[in-house]
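Visitor: I'd like to walk through this model with you, one question at a time. Could you show it to me before we start?

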Amino acid sequence: MKPSTNAGLVLYQLRQGVAIVTLNRPPQNRLTRPLYAELEAAVRQGVREGARCMLFRSNLDDFCLGGDFREWPHLENHAARRERFGYSNGILNAIESLPIPTVCEVNGRAYGGGFEFALHTDLIIAAESARFRFSEATLGVSPLAGGVQRIAERSGRSVATRLVMLSEEITAAEALSLNIVAKVVADERLAEVARTHAEKLAAGPTRAHAVTKSVLAAWAVGGVRGADEAMIEHVSVLLATDDVQRGVSSAIQAIDAGLNRPEIPFNGQ
């Protein structure tokens, strides 16, 4: 286990192959340019140290209440606004595009940009008491970090329209029913369950997980046929990896010997 970085707006620790990235800006984890800079640094550190999964979480009572709009009046022209939101969205898109699995552990409220942050990860695991809301309409704006299209992708156009335009708060249970979150667990078990899932993903066939992510990304852009084309290419590469070679070899040996297939330790190679 690598030592944690214990000071700053974003905390970092590498544990059992999982990069644990924790938001730490009291009182509400509002997103600012300095926080995004530390978030990017933590993600890059995880990549450099060979993390096989990333877990994003909060150190506070809420996951994140969104962007700190006190920054916005200082963006005095169109170019400044484009640069600022291009910068933060670029970091979120980089998280979404990581070739390793990403998990988001949501406690308390995930509002606005905090909700959108979570939507850039592969699996959202929420506490029973968690709440989700696009609060941007109360400020007269639309979501600034890709929330509209990501909710539409997961839940459909009408759900995206309702949640964004009406700015309705939804429970974790409703988010689960709308395919927004992957699992809902008791509050007292949230950290344990999220960490267990992240460690399982990190110990698993991460090269195969990368292919799954790539195929889903191709589907989002080109539909089923586009994903079909990407799948063939990715699988053709995947079959030559060490993980697959060892996995298939051990399965063949077990079948030939009439034995149960053994569990394979995957190395991501």
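Visitor: Where is threonine 121 found?

Guide: Happy to start there, and please keep in mind that this is a predicted model. Helix H3 covers residues 113-119 and strand E6 covers 123-127. Threonine 121 is found in the loop between helix H3 and strand E6.

Visitor: Is threonine 121 buried or exposed?

Guide: The cut-off for buried is under 20% relative accessible area. Threonine 121 has 3% relative accessibility, so this residue counts as buried.

Visitor: Which residues does threonine 121 touch, not counting residues up to four places away in sequence?

Guide: Contact here means heavy atoms within 4.5 Å. With residues up to four places away in sequence set aside, threonine 121 touches Phe56, Ile95, Thr102, Val103, Cys104 and Arg154.

Visitor: Threonine 102 is on that list. What relative accessibility does threonine 102 have?

Guide: Threonine 102 is found in strand E4, residues 102-106. Among the residues that threonine 102 touches are Met54, Phe56, Ile95, His120 and Lys213. Threonine 102 counts as buried, because its relative accessibility is 0%.

Visitor: Let's turn to aromatic rings. How are phenylalanine 56 and phenylalanine 117 arranged as an aromatic pair?

Guide: A search of the whole structure finds 6 aromatic pairs. For phenylalanine 56 and phenylalanine 117, the distance is 5.5 Å centre to centre and the angle between the planes is 65°. Planes over 60 degrees apart count as edge-to-face, so the pair of phenylalanine 56 and phenylalanine 117 is edge-to-face.

Visitor: How many residues apart in sequence are the parts that this pair ties together?

Guide: Phenylalanine 56 lies in strand E3 (residues 53-58), whereas phenylalanine 117 lies in helix H3. Both of these phenylalanines are buried. The pair therefore ties together parts that are 61 residues apart in sequence.

Visitor: In which helix do arginine 44 and glutamate 40 both lie?

Guide: The side chains of arginine 44 and glutamate 40 meet in a salt bridge, 3.3 Å from N to O. Arginine 44 counts as exposed at 51% relative accessibility, and glutamate 40 as partly exposed at 24%. The two are 4 residues apart, about one turn of the helix, and both lie in helix H1.

Visitor: How far apart are the closest N and O atoms of arginine 150 and glutamate 96?

Guide: Arginine 150 is buried, with a relative accessible area of 14%, while glutamate 96 is partly exposed at 28%. In their salt bridge, the closest N and O atoms are 2.8 Å apart.

Visitor: Which residues make the nonpolar surface patch of about 340 Å²?

Guide: Methionine 231, one of its members, has its place in helix H8, residues 206-238. Methionine 231 is partly exposed, with a relative accessible area of 34%. The patch is made by Met231, Ile232, Val235 and Leu239.

Visitor: Last one: how far apart in space are glycine 258 and valine 164?

Guide: Glycine 258 lies in the segment after helix H9 (242-257) and is exposed, with a relative accessible area of 66%. Along the sequence, glycine 258 and valine 164 are 94 residues apart. In space, C-alpha to C-alpha, glycine 258 and valine 164 are separated by 56 Å.

Note on methods: Residues numbered from 1 in each chain as written. Predicted model: local features only at pLDDT ≥ 70, side-chain atom pairs only at ≥ 80, totals over all residues. Heavy atoms only, no water. Buried < 20%, exposed > 50% of the residue type's maximum accessible area, 1.4 Å probe, protein only. Patch = residues over 30% accessible without salt bridge, like charges linked within 9 Å, V, L, I, M, F, W, Y side chains within 5 Å. Areas by Shrake-Rupley, 256 points an atom, 1.4 Å probe, with all protein chains shown as cover. Salt bridge = Lys/Arg side-chain N within 4 Å of Asp/Glu carboxyl O. Phe/Tyr/Trp six-rings, centres within 6.5 Å; stacked < 30°, edge-to-face > 60°.
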